[in-house]
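Grab a pencil and have a go at these exercises. Try each task before you peek at its solution.

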Amino acid sequence: MQSNSMNPVSCLVMSAAITWISVIANMANLAAQETLVAGAEPQKWQGILDVRISQLTLNFDTRHGDDGIWTGEIYSVEQDNAKIPISKMEVDGQAVTIEARSVGATFKGMLSANGDRVTGKWKQGHGEYDFVIHRVTRFDEAKHIETWQGTLKAQGKTFEFGLRVFELASGSQWARLDSFSEGVEGIYADLTRDEKVFQFETKGIGGAFKGTFSDDRESIEGKWSQGGLSFPLKFSKTELDAKPARNRPQHPVEPFPYKLEKVQFKNSADRVSLAGTMTIPEGPGPWPAMVLISGSGPQDRDETILEHKPFLVIADHLTRNGIVVLRFDDRGTAESTGNFGTATSEDFSRDAEAAIAFLESRDDIRADQIGLIGHSEGGIIAPMVAARNDGVGMIVLLAGPGVDGATITVTQTRAMAAAAGTPAVLMDATDTFMKEILEHVTKSDKPIPTELIDSAFEKATAGFENAALRSLFEPAKSSLGLMESPWFRFFSRFDPVPNLKKVKCPVLALNGTKDLQVLADLNIDAIEKALTESGHTDFEVHKMENLNHMFQETDGPGMPGEYGNLEQTFSPKTLDLMTQWILKRTK
């Protein structure tokens, strides 16, 4: 997700000696331009992007509105037709520029004379690729044709794999590899097959499988290879939508002892309509209320991740104890409008303020007892809102940062690398490399200079004794697109301490001791220090033993790959602590 500065469009100065050939060419060019400004009817374009580790079919659905502004979406077919908003599109003569800031991508190209294709370069992060899109009347959409499942045992661990095979109308096929045991889904795989042999390669993770069909073609037996090692792996065909059954015992089921109400409210300042759900205790009220604010990334109202719905569980528990809860889809997500890809934490804070205003307008809510519960990035947003709104009744910070985003980035990267058993030399190199890059990102809005990346890479790998380690570190150079996004620039520079010092309402801050994304000791200590220095007298901080970033109890190190494997959605002891703390302040 990056923002790229636009290069000035060069002007074409024609001489006075215009030949008939140039006149005809200009007429053709004008006709081509007309295909891109022919009113508000949707225009469809399709291209295959070769990014070396995979090939992606991208569908562009563009519209030219009456206001003269281009809008539209890009759909990544091989990535489950993921929808990517077009944040900016310009047509100047034959020059076409399309930006998708949410994924840090820019496509610049030239329209052909007959208007049937645009040829240019796709830039994402610090990778640049030749790319051509063609005008089409309908998209060549992917069809899910097969699903396979297999179990691999390696180095004392068991891995559950799923493989989904897709096919375009043109006949080309590819696959998506799901590692259910690690909570990773949708890894792109190049696929080749014939009557006997079935094989795929996942260049992004350096893995490959080659196997042979059984006589009934219901299973494939072969070997999985990765990192110079290979292990036996057998896939069996299963139902298309089959996944390992995941038990989520904390998810509430009807009938509920409270009312559910679907609601919509507006952030008028940003012209965003937000959709959500309120859970309301039975009875006339008025009731105290809490607004849930999600963590980073486009989240639905339940903050769904790996089939866990933590906000659903929190809302259920609080409302059973007499507290109204409002949870809502992030802007540009699910049923809410707006553009998520161009938004920052500041923008999301205005959405939270709109939620408070909506609750204040209702007769069944106690306007003086409306609080905020923010998880992860939401733990930045809640103090931001409370610092400028004295009417906020209380805030609860669940894994909320207490230090700036650049520090969060460096510390979480090292913590997860250490938990994964990464050699110290690679962790030290990563620290050096990231700090060099972050130094630029936190001080400049310009793209990261290539020479800076090269210099940081050389400095980081200077102590490497062999070429293998250096090549292992090489992908870090092309994975910096997120750092140039508006969201990350804001996050990396943002220090939550000034807002924490301005907060006057009661504060409860909780972090899990096995949280590898927002480290408990670093962040809880910083929050406590800020509140103490400001003279705040009604706050509590707790480091919750053996809880990860999602507030699940875990015997593991706390890696994100564990989240989906754990049955618990949200720690009961945390639910009880949070509920009792809120109730004490709403009597």
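Before you start: residues are numbered from 1 along each chain as its sequence is written, and side-chain values use heavy atoms, with hydrogens and water left out. In this predicted model, local features need pLDDT of at least 70 and side-chain atom pairs count only at pLDDT 80 or more, while totals for chains, interfaces and linings use all residues.

**Exercise 1. Work out whether the radius of gyration agrees with that of a compact globule.**

Step 1: Take the rule, 2.2 Å times the number of residues to the power 0.38, with the radius taken over C-alpha atoms.
Step 2: For 587 residues a compact globule would come out near 25 Å; the protein has 26 Å, so the two agree.
Step 3: For the outline, the C-alpha trace spans about 85 × 65 × 55 Å along its principal axes.

**Exercise 2. Find what share of the residues is buried.**

Step 1: Buried means under 20% relative accessible area, exposed over 50%, and partly exposed in between (1.4 Å probe, protein chains only).
Step 2: Apply that to the 587 residues, and buried ones make up 50%.

**Exercise 3. Classify the ring pair F161 and W224, then the pair F265 and F328.**

Step 1: Rings of Phe, Tyr and Trp (its six-membered ring) pair if their centres lie within 6.5 Å; planes under 30 degrees apart are stacked, over 60 edge-to-face, and the rest tilted.
Step 2: By this rule, the protein has 23 aromatic pairs.
Step 3: F161 and W224 have ring centres 5.6 Å apart and planes at 45°, so call this pair tilted.
Step 4: F161 sits in strand β11 (residues 157-167) and W224 in strand β16 (residues 219-226), so the pair ties together parts 63 residues apart in sequence. Strands here are DSSP runs (E, at least two residues), and helices are runs of H or I with at least four, numbered from the N terminus.
Step 5: F265 and F328 have centres 5.4 Å apart and planes at 80°, so this pair is edge-to-face.
Step 6: Both F265 and F328 are buried, and F161 and W224 are buried too.

**Exercise 4. Decide how far helix α4 is enclosed, and by what.**

Step 1: Count along α4 (residues 378-388): 10 of its 11 residues are buried, so the helix is largely enclosed by the rest of the structure.
Step 2: Look for the cover, using contacts (heavy atoms within 4.5 Å). The elements covering the buried residues of α4 include β20 (287-293), α3 (345-360) and β22 (365-375).
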